[in-house]
Amino acid sequence: MARKAQAPGYLLERIDDFSGGWNTAHPASIGKNDLVTAKNVLFTPEGKIVPRWGMAKRFGADFDPNPVLGMGALYKSDGTTRLVMAAGTTLYVDKPHVIFNYDSQADWEQSGVYTNLDTKSSPGDVKLYTPPTPIFSRPFVAYTSTGQQVAFGVPRYEAGQFGQAIMIEEGTTNLLKNASFEVYTGWTGVADGWTSGASAVVTSSFAVDTTNYRPSGTRSQKTAITASTGVGDAVVYQQFTVGAGITLTVSGYLMGSATGTGAARLYINAYNSADTLLSTFINQVPVIPSSWTRVAFTGTTPANTAYVRVAFGARARAAGDTATVYWDDVQVEQKTYPTSIIFANDTTTQPSRFPESLTIPTARVLSAQEGTVESWINLLRSPGTAPQYLFDGAGAANQNLVVYVGTDGKLRVEYGAGTTTVTLVGTTVLAANTWYFVAVRWSSAGVALLINGAVEASDATAPSLSFGVNAYLGSKADGTSQLDGLIDDLRISSRARTDAEIAAAYQSGLPLEWDIDTTYLLHFDGNLNYPADRQGVWVSPVQNAATVQDYASLAVSWSETLPVGTAIACQVRTSADGVTWSMWYDQVNGETATAPANPYSQVRFILQEVGNAGTPILSRAMVSYEGQPSASSLLTGLSVASHYSFAQLQDYLLVFNGIDSPKKYDGTTIADITAGPKAKYCCVYKNRVWAAKGSTLYFSDLLSVDTWPAANFIEVNPSDGDEIIALIPTTMMLLIVKQHSTYYLTGYSPQTFAVSLAGDVGTISPRGALWTPYGIFMLDREGVWQTDLRKRVLLTRKIEGAWKTLNQRALSKGALFVMDERILVAVPSAIANGNDTVLVYDVLHRAWSKVEGWYPSCFLMFWERGRWKYLFGDSRKGQVYEIGGATDDAGTMFEALVETAHLPLMSESWEKRYKWCDLIFAKGSTVQNVAVSFVADGVAGAEKTLNVASGSGTVAGRFWTPPFARTLGVRVRWPATDSSGPELLAAELTYFPRAARPVQVV
């Protein structure tokens, strides 16, 4: 019995790589990844298929009935861009596209309105500026009110209005020696340099105590007293020489205990040269506090004084009184008020404290035109004999700005008006140990002084200010007249803040904050550091776009680098007249502004740093007005020419057509280059204009468009009978292309310029030579060549059949262009006199596809609104199209079509019986239909439709094949799609094989 053959299972034949591209050879002889048809599609880097780019008209109306013969772009140094087109006998210019570019140090600094920003350390970038830190000076140690020693050159910080504040104090000398009682080498209980004395009616004892003392040292002078019968003192004293009429202030810290009427004792006796007591001109009996408390008293020496004796101790004011008093850090100063203590542990010298100063830089901090200084201050002494300075701008005479407390206790502002100085006087009499919020603002409207949020004095006289390299806080610029007080929360602004703002800052009960107008802010909370959160702002100059068609097209784009914890915000405001402005509107990068449509605009960028995270960097900004462009006539009456060539040198766009005198266009005026040759082709290379006519290559003088010396030409093999047809500048050389050969020019001057033969490949079209990162491409009648000038490859060999159908007589109008790793080849079809077909060569896959519905006569990369745009001129009429976007012009969808290789159903050993085909698509952004049909034995069958939803993910559709055929292909058509349509990922054919029947061979 015969065994039944086992049927094999189903098998798959997967077509998932379409990178072979379009192939016009016989379908049965091409690879399975080749396509019989590839129309209006592109290949992704993975070899999948997507619909091609869209394209849109640039102009609402055609500007000429004739084809576009060339296009050029003028990029002026002021940021203005012009697109110039040639059609018929006329040059046209795009309606001005006003673009304001900011990408160099000069650009960023042109407005002068940039606050807390650095444009110099990295030219071309804008970063947050860190001003030099304040400089505090005091060339010796000092002590805080709590007795803590502070090293020389280090500020003293006391309790502030918010946190801590900085103390700025004048210098002084303590006329007492060992005034902190630290030196003790004896046995009497009295510190060295001091003498003890006691009344006969008291019992006393003295000790240099090591248990109770101020933090400034480790000892104090203790005096204990008991009264036996009446009033009496026990003191330690010291004397020094001083004349008559001298005001002295004595101070000291005391603490202790007392019973009855026991008290502390402090006095100064004056003596003449005969040692006769003249008077006790300071005589005080303070109540003894239970903790360290400072007391101070002032008096003036009487006539004939030769020296004084200063005593500290205890007093009994009734029989039976007892008292224990500790004195420490005592001080006598030749002043009418006490200053902070000078720790004194020297028995031979009278110690001094040097005056303190605090300076801040004025560059980028203080604006002479407008600004505000705000701060909290607290006077440590009552005003009196000398002014107490808060601020001194160190400016020139009649140009300075100073703020100080007068001897009457009222705050004063003196500001320069150019030839005079104006003085403002506040109304509040400042008291010691009281916090006040002081603000001074200035602008062309005048100067105002505010205290605690209220205006106390103002003057409408416009200031004329200048500032020194450094401004002084807490003293005059000569280092005198110290504030003798505390400063907290100093803020300097680039703007004259309003009454309401200053009042709000005072009433908030919060420390001052850094905002976009702040140039300097110090909290003095134990250091001179800036806040960890900062901002900087740059404001553009006023941008006049009165010539644009659509003010509402204003858009802003910028490039930024943002470390974590930083940000850059952009805002826009506009004006109808450049005087009255709208509010600031937030701006999204690359988007159209929401500010009102007006001809004048400004942008500002706010750079923000949080927590010392680092500085954000703004490297480029562009403000552009676009809208729907229109074209207007620039120059008429030109000769009938077949080709226009454009190039730019400096601020001139150059135009050559081979017949008329060459032209130069500066964005406003077009004129003849009278000395220039009437050449067909031009370019700019090594800062010269180069022009070709016949086999002669002309060149201008360096950086000149008008100077063409007679000797500035080179003959390029004139005996070959071939004309120069294209000039291609590269980074290393200038390629000079003829129809059958290519030459290259090297050198840097007329003396070193030399032309050499590069290869035997050339082009038949002025736009048929293209230099790219992928090599040089040349168009001739055989096809498109890729070359490195040593060897060449005919890229169109694979589509030779299609190439032969082109209108060979019109191929001289062909144009090459590179875009997104693809070479676009615009050529005329068999019956066209102009380019109506675009063949697209995918450099990555070495594959071809075809675009229909485009009519490019020439291409141009055009910088606009912060990106490159790809334009082509129409080969039928005066119109320009932009490549990109989803759909064709006016939102029109287009048809895309691919047809796979025709796979044979038979092989030598197997007969394939196809069952179905699965197609896999990636979803697009819109819902679209895809029509699928099979091509059996070269005949397309009925179409079946697959609806592909929008969104993410994939969609698969299964289609059953015809039952019988020798070859089978899959035809996929997007009837109406755009560039966001579904992407074809793969095709899978399911079949089962069976053994082929034996065939008798005769």
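Where is the place of arginine 156, in which strand? This is a predicted model, in which local features need pLDDT of at least 70 and side-chain atom pairs count only at pLDDT 80 or more, while totals for chains, interfaces and linings use all residues. Residues are numbered from 1 along each chain as its sequence is written, and side-chain values use heavy atoms, with hydrogens and water left out.

Arginine 156 sits in strand β17, residues 156-159, where a strand is a DSSP run of E of at least two residues, numbered from the N terminus. Arginine 156 counts as buried because its relative accessibility is 0%; buried means under 20% relative accessible area, exposed over 50%, and partly exposed in between, with a 1.4 Å probe and protein chains only. Leaving aside neighbours within four places in sequence, arginine 156 is in contact with residues including Arg138, Tyr143, Glu169, Ser340 and Glu356, contact meaning heavy atoms within 4.5 Å.

Let me turn to phenylalanine 152, which lies in the loop between β16 (149-150) and β17. Phenylalanine 152 is exposed, with a relative accessible area of 59%.

Definitions and conventions: Helix = DSSP H or I, 4+ residues; strand = E, 2+ residues; numbered from the N terminus.
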